[in-house]
Amino acid sequence: MQMFFFITLIVCFIVFILLTSLFNKKHKVLISLASAFVVSVLLQVLEQFYLSSILVAAFVIYFIIGNISTLKSNQLRLILAVLFSTSIVTLVLSFTYFNQTTAPPDAEVLRVMFIYYPLLIVFISCYVYMLLSLFNFKMLQATNPLLYIWNKVRAFRRMMRLFWIISRKGLTHLIQQDHAKLPYAIAEVLDNMGGVFVKFAQVLSTKKDMLPANYIQAFSSLHDQVKPLSQEELKTIIDARIGNMDETYESFGMEPIAAASIGQVHLATLKSTGEKVVVKILRPDVKQKMTVDLDILIQFVSWLSERSVKIKRLGLIQLAEGFKQNLLEETDFDIEALNTNLMRKAFEEHGIPIRVPKIYAECSTKQVLTMEYIEGTSFTKAVTNDVSEMVMHAFLDQILMMGIFHADPHPGNLMLTADGEVALIDFGSVGYLTDEERGGMLSFLMGYSNKDTKEMAHGLTKVCEEGDLLDQKLIEQRLNRLLAEASFSADPTSVMMKRMMTLISDMGMSLKPTIAGAFRAIITLDGTLSSVDDTFSLSAASQSYADHMNKGQMVKERISKVKDQITDYIPKLLELPILKENKITITREQNHYLNEVIGTLTVGIFTVICMVVMLASFVVQSEVMRFLLGPLSMSGFGVGMTILSVAVIRHLKPKL
């Protein structure tokens, strides 16, 4: 054994010294010696527990069945199945058969090692592979299983910290009492968790039209305090992503003009053209860290909503889910670059007088985004009513005409340039609407402008999930009442928009995610424009937009679209057998049910056969039964019972 250890140590040392020389590593001898020692000790330990033979056998079996075309698509499952089955078979044989007091005949040993042993591994690997495929473990779907496990560990630690903060702040007690301090306690929990929790609080603080004043006040005090990246980190990121910093930028401001938990923004000058640009840099590994915290954030607001009816009515769960989607999109600058270019082109085609920054693709990647610098001030100062109305019209054009809209029009994303123009920035969060969704929104707006609740209800069914199942007459009645209530307020449209979200929730309906995003964008913009223009009215802006719409042209377009769809569908419908003989649907349903029955019956027969063979193995003590049929039947019986149990649960689940 000592000789084996020293031979392994020498061989490993030679290999590692060659590798360190190849990669120009410092301290080559020390690194190689330490690495060789660790590997030699590991091999020694593995050998003691039969794991060396397990790994060798697993590699050989994996190579054999890994070349089967039907199994190539799921390498990780296959590796785990082979490794697990090889370990089990090796250890069982080692501690039972080879530990007998009397040595078995050589012929029997050869049969066991070269026939029974590999056959058991192959069949049990197939069993394990079936189970892994059946349960579809998330870890096996991850591109990096080790990172998946690490994120789970981090999530557990963060969840424990959240529970500790909740208990320390007495949040459970405040929820039960519905105390006035509850919003501030929630704000303290978010502040203590930091990162995306603070950013979520900042987003909530802008929802003045959706949240009560005490919540807005509590969340407004939170600030995302993050340490900026060092100069060395900045240079490393830029050099690695887009090339040498000094060759790309003539000057680069190392002090960020804005910094957040996602990334930071710098001013620079391009070397090639001398243009002043803005450079956004993503923090390393931010997406993996954020994904964990965002899932915990949604669990936290769900926990709050379950314990308080008032908090549930605030719609924090929907806000958190929208926040998660938007934030994850912001961590991929390729998406933001694409969104910005699409919006810039669409604005030009539709004649919308709002500036969108130019993207410099040659200096941009997923982690670094270089764009045009637009000098101006954000929407924090007073603007004229003409400007605010133009901005609202532009957003309605985006939603109703273009089908692509800026999903987060808060004051920081709207700017007044030095030339008096309006500019829109930060397209990390953009919504896309289908033709059907735009049609539903148009129907709703046209119905509202004409006080036609039938048209409004029709539009609403088009933008809700499973809208064809909704009671349109009941929706009309509720909309009539809503219009009557809103008509007594100073800004009927703004009131109607806010109360309509409650109406949708109360009726058990749910807006499609993109439509909900469009409504949130309008409400956010309403709050932004109201803060800089005391005379702004969403009702007046919507009415003026409806008055200027070319309704005749819109109707023609809708009729033309329906006509085209009918022209496409009629030939296809005439070819369907269902129009000749009403059998196709029934046949399909019968075939589907028949396939399920045949599949379950096959597994059932397989399980019964395995059980019979397993019971027979306890009575018949032949060599083949002991080494092959017994273990295979036991494994098969276990797998068959598991599959049948899952099938029964799936069958009963809809009935519960």
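Select Val 196, Phe 197, Val 198, Lys 199, Phe 200, Ala 201 and Leu 204 in α10: these residues are buried, where buried means under 20% relative accessible area, exposed over 50% and partly exposed in between, with a 1.4 Å probe and protein chains only. Seven of the nine residues of helix α10 (residues 196-204) are buried, so the helix is largely enclosed by the rest of the structure. Helices (H or I, at least four residues) and strands (E, at least two) are DSSP runs, numbered from the N terminus.

This is a predicted model, in which local features need pLDDT of at least 70 and side-chain atom pairs count only at pLDDT 80 or more, while totals for chains, interfaces and linings use all residues. Residues are numbered from 1 along each chain as its sequence is written, and side-chain values use heavy atoms, with hydrogens and water left out.

**The whole chain**

Of its 656 residues, 41% count as buried. Among contacts (heavy atoms within 4.5 Å) with a separation of 6 or more, 66% are between residues 24 or more positions apart.

**The four-stranded sheet**

Next, display β5, β10, β9 and β7, which form an open sheet in the order β5-β10-β9-β7 with mixed pairing. Two strands pair if DSSP finds at least two bridges between them. The edge strands are β5 (354-355) and β7, each of which pairs on one side only.

- β5 and β10 run parallel and are joined by two bridges; Arg 355 stands opposite Ala 423 in β10.
- β9 and strand β10 (residues 422-424) run antiparallel and are joined by three bridges; Leu 414 stands opposite Leu 424 in β10.
- Strand β7 (residues 376-378) and β9 run antiparallel, also with three bridges; Gly 376 stands opposite Thr 417 in β9.

Select Gly 420 in the hairpin of β9 and β10, where four residues lie between the strands: this glycine takes a positive phi near 85 degrees.

Move to Asn 413, in the loop between β8 (404-406) and β9 (414-417). Its relative accessibility is 4%, and Asn 413 therefore counts as buried. A polar atom of the Asn 413 side chain lies 2.8 Å from the backbone oxygen of Asp 408. Such a polar contact is a pair of N or O atoms within 3.5 Å; within protein, one must be able to donate a hydrogen and the other to accept it, and residues adjacent in sequence count only if both atoms are side-chain atoms. Leaving aside neighbours within four places in sequence, Asn 413 is in contact with His 406, Asp 408, Ala 423, Leu 424, Ile 425 and Asp 426.

**Two packed helices**

Now show helix α18 (residues 385-402) and helix α23 (residues 513-532), whose axes come within 11 Å and cross at roughly 175 degrees. α18 is therefore roughly antiparallel to α23; angles under 35 degrees count as roughly parallel, over 145 as roughly antiparallel, 65 to 115 as roughly perpendicular and the rest as oblique. Axes are lines fitted to C-alpha atoms, for helices over the stretch in contact, and angles run from 0 to 180 degrees between N-to-C directions.

To see the contact, select Ser 388, Val 391, Met 392, Phe 395, Leu 396 and Ile 399 of α18 together with Ala 518, Ile 522, Leu 525, Asp 526 and Leu 529 of α23.

**Two further residues**

Select Thr 514 in helix α23. At 26% relative accessibility, Thr 514 counts as partly exposed. The C-alpha atoms of Thr 514 and Gly 431 are separated by 6.1 Å, although the two residues are 83 apart along the chain. Not counting residues up to four places away in sequence, Thr 514 touches Phe 405, Tyr 432, Leu 433 and Glu 437.

Finish at Ser 544, in helix α24 (residues 538-548). Ser 544 counts as buried at 12% relative accessibility. Its side chain reaches the backbone oxygen of Ala 541 at 2.9 Å. Leaving aside neighbours within four places in sequence, Ser 544 is in contact with Glu 389 and His 393.
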